Amino acid sequence: MTDDDRRTRSGEIGPAEWLAMNRTGSFDWDLDTGTIDVDESGLLIFGVAPDTFDGRPVSIVTRLAPDEQVKLEDVVRQAVRGGAVSYTAHFPIPQADGSPHWTHVQARILRSPDGRARRIVGIVRDTTAEVAHFAFVQDLEKRREVQTNIVERTTSALSRAVTVDDVTAALTGPGGLARLGADGLALGLVENGSLNIIALSGESLDVLNDFRSRRLDRKLPLAETVLSGRPRFVSSFPSLGRDFPELAPYLPHLEFRAACYLPLVAQARSLGGMALFYRGRTSFNADERNLALGLAAIVAQSLQRALLFDEERELATGLQETMLPRRIPQFPGGEIAVRYHAAWSGRQVGGDWYDVIPLPRGRVGIVVGDVQGHDTHAAAIMGQLRIALRAYAGEGHAPSTVLARASRFLAELDTNRFATCTYAQVDLASGALRAVRAGHLGPLIRHTDGRVGQPKLRGGLPLGLATVFGDEEFPETRLDLVPGETLVLCTDGLVEQPGSDIESGLAALSGAIASGPPQAEALADHLSERLWERWGSGDDVALLVLRRSPDPGTPRAPRIHQYIHQADPQGLSDARAAVGQALRDWGMPELADDAELLTGELLVNVLLHTEGGAVLTLEVLPEPVRRVRLSVQDRSSAWPRRRTPGEAATSGRGLLLLDALASRWGVEPRGEGKAVWCEIGPVPVAVESAPGGG
């Protein structure tokens with residue numbers, strides 16, 4: 001390539017030089033005689049020697065390819081016959097060395113008064129340099145567009161990266177290498193005098209796994225780049241092996257032809273290094289080197305932000321962990337499991353909390369709550385509020401008083417933050433539960449038959465707001481937790497799915513509770529896996545699972561317990577069926593019909609004449625003569641009274657049925673309520689033959 005060609009491609013030619021390099025000739029074509037007069041410059045452009053030109057038009061187009069000759073003839077013919085006054089044509093003329101010279105013809109058609117074409121005069125220009133310059137400019141613009149696109153796409157992807165894991169995911173995830181314009185990538189971070197490779201992406205790069213963590217020295221190219229602070233552009237892998245003998249045995253397994261090793265420096269701090277590998281490239285021009293250095297600067301800035309964020313998050317999560325209870329106490333009669341999951345966004349720290357509080361008289365207090373916000377301030381408030389609520393509960397106050405005092409405490413902190421929570425006191429021996437709500441989700445209960453219910457807990461305003469608005473009323477709701485039942489408390493992060501309402505989330509949670517294992521720890525793991533992985537958990541989540549220990553009795557004296565909600569008509573039918581099935585399973589089918597009938601009568605009395613649900617207990621009394629005992633417990637202090645119904649009466653016969661079908665029955669006080677019981681039987685016990693007897 002000549003100096004002029006190089007200057008043309010680089011765009012350094014001025015207007016005067018440009019005209020000198022572009023030859024121009026002229027011609028005069030006499031259509032009447034069929035001859036054409038072309039000056040010397042024009043003949044040279046067409047590649048015809050002046051001393052051999054015979055004046056025929058066909059002689060000046062002999063070098064044109066046949067298809068180009070046909071195109072030129074068509075252009076001239078259409079212009080002449082169509083009445084045009086001019087035409088232009090652009091075509092290549094092959095040279096002796098095979099390279100095309102581009103030629104541009106501009107012609108004017110001279111006609112007689114009757115419109116017949118008589119002469120064609122015009123000029124012809126050699127536009128090879130012009131076309132080459134245009135192609136060069138187009139190629140340059142295309143390459144710069146590609147480079148700009150690489151920078152923009154990489155910057156956009158990394159702008160959403162918050163943590164170091166996010167940065168590596170943006171570089172190595174789907175489309176990551178394409179955004180960088182590379183076929184492979186290695187990313188290393190400096191830590192405690194070592195270079196740790198945190199990401200390898202690209203086919204065949206797994207052979208470098210041996211170098212995942214190495215002392216920072218100059219024996220490997222990426223480490224040498226980090227130490228020197230200078231990039232290394234490699235166009236020959238054999239030369240790389242000579243410079244770094246330790247790497248040489250691995251190079252034949254790398255399916256690349258070129259690589260660049262780039263230091264990652266941000267604010268004068270060396271963070272690590274990045275290597276980009278290429279299959280289709282064997283050299284790097286100035287633009288490509290600048291692009292690689294620009295990408296390294298973008299990655300370094302993103303990593304600097306991510307490292308700072310990870311440090312802050314580690315500090316914040318450490319603070320939060322110290323504010324949550326480190327150990328959950330164990331209580332006789334039940335099992336408790338807790339889980340906490342931080343949000344994936346923000347600083348992964350927030351105000352969700354749980355607590356398990358030992359209370360006087362063998363009771364246990366459980367609480368799950370959420371302080372407004374997702375920052376260290378929310379975590380700090382959560383820690384103070386948790387300690388205050390724990391202190392109020394430990395003093396033995398009623399649940400409503402505990403929340404009223406906690407609300408007052410939060411308001412006095414003057415933080416402009418509020419909190420929601422659900423607090424319950426549970427007596428695991430009796431199953432009695434007293435719960436209050438402050439703007440929070442209520443509990444869910446999995447019954448012994450697998451059904452999941454959502455008790456309606458009356459609630460008050462969120463803590464803090466209740467005091468500000470002068471409404472510190474937190475009405476209590478009393479529930480019964482029968483042996484084998486499980487209570488689940490959680491914060492809203494577990495049930496709020498993006499793009500869906502909270503009812504859908506509660507339905508999904510209920511389904512997960514119903515399908516999970518019975519043990520508290522196993523159920524907590526099940527809920528975590530099912531719901532946190534499904535929804536991504538963009539919010540903090542606190543979860544508490546309490547299960548009252550089951551009471552199956554013994555093989556000789558089996559027992560079942562079941563809670564029936566007042567507003568659940570189907571529960572009455574299910575309870576009767578469960579009693580009948582249990583007696584058949586226990587080998588006492590002859591008592592099943594009477595037991596089902598008496599179950600219905602006892603439960604109907606409770607559901608119709610009291611304001612709550614009932615706990616049904618069916619057990620076999622362990623005596624030589626086996627009897628069945630039915631007991632229905634409620635919270636009403638009013639005892640049943642015998643009535644004498646008339647012939648047309650539709651009620652009042654329940655106690656008469658008890659007299660007729662039960663061998664005996666009675667009423668006993670139970671806590672704040674009573675229990676109505678009856679016994680059916682006896683059932684003779686078969687006497688087993690002595691060993692060896694006949």
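Guide: Salt bridges, pair by pair

Glu-395 and Arg-405 form a salt bridge in which the closest N and O atoms are 3.7 Å apart, the term standing for a side-chain nitrogen of Lys or Arg within 4 Å of a carboxyl oxygen of Asp or Glu. Because Glu-395 belongs to the loop between helix 11 (376-394) and helix 12 (399-412), while Arg-405 belongs to helix 12, the pair ties together parts that are 10 residues apart in sequence; helices here are DSSP runs of H or I with at least four residues, and strands are runs of E with at least two, numbered from the N terminus. Glu-395 is exposed, with a relative accessible area of 51%, whereas Arg-405, at 32%, counts as partly exposed; buried means under 20% relative accessible area, exposed over 50%, and partly exposed in between, with a 1.4 Å probe and protein chains only.

The model is a predicted one, in which local features need pLDDT of at least 70 and side-chain atom pairs count only at pLDDT 80 or more, although totals for chains, interfaces and linings use all residues. Residues are numbered from 1 along each chain as its sequence is written, and side-chain values use heavy atoms, with hydrogens and water left out.

A second pair is Arg-434 with Glu-476, whose side chains meet in a salt bridge at 3.1 Å, N to O. Since Arg-434 lies in strand 16 (residues 432-438) and Glu-476 in the loop between helix 13 (465-468) and strand 20 (477-480), this pair ties together parts that are 42 residues apart in sequence. Arg-434 is partly exposed, with a relative accessible area of 24%, while Glu-476, at 16% relative accessibility, counts as buried.

A further salt bridge joins Glu-668 to Arg-629, with the closest N and O atoms 3.4 Å apart. This pair links distant parts of the chain, Glu-668 being in strand 26 (residues 664-670) and Arg-629 in strand 25 (residues 626-634), 39 residues apart. Glu-668 counts as partly exposed at 27% relative accessibility, and Arg-629 counts as buried at 14%.

Across the whole structure, a search finds 30 salt bridges, among them the Glu-395 to Arg-405 pair, the Arg-434 to Glu-476 pair and the Glu-668 to Arg-629 pair.
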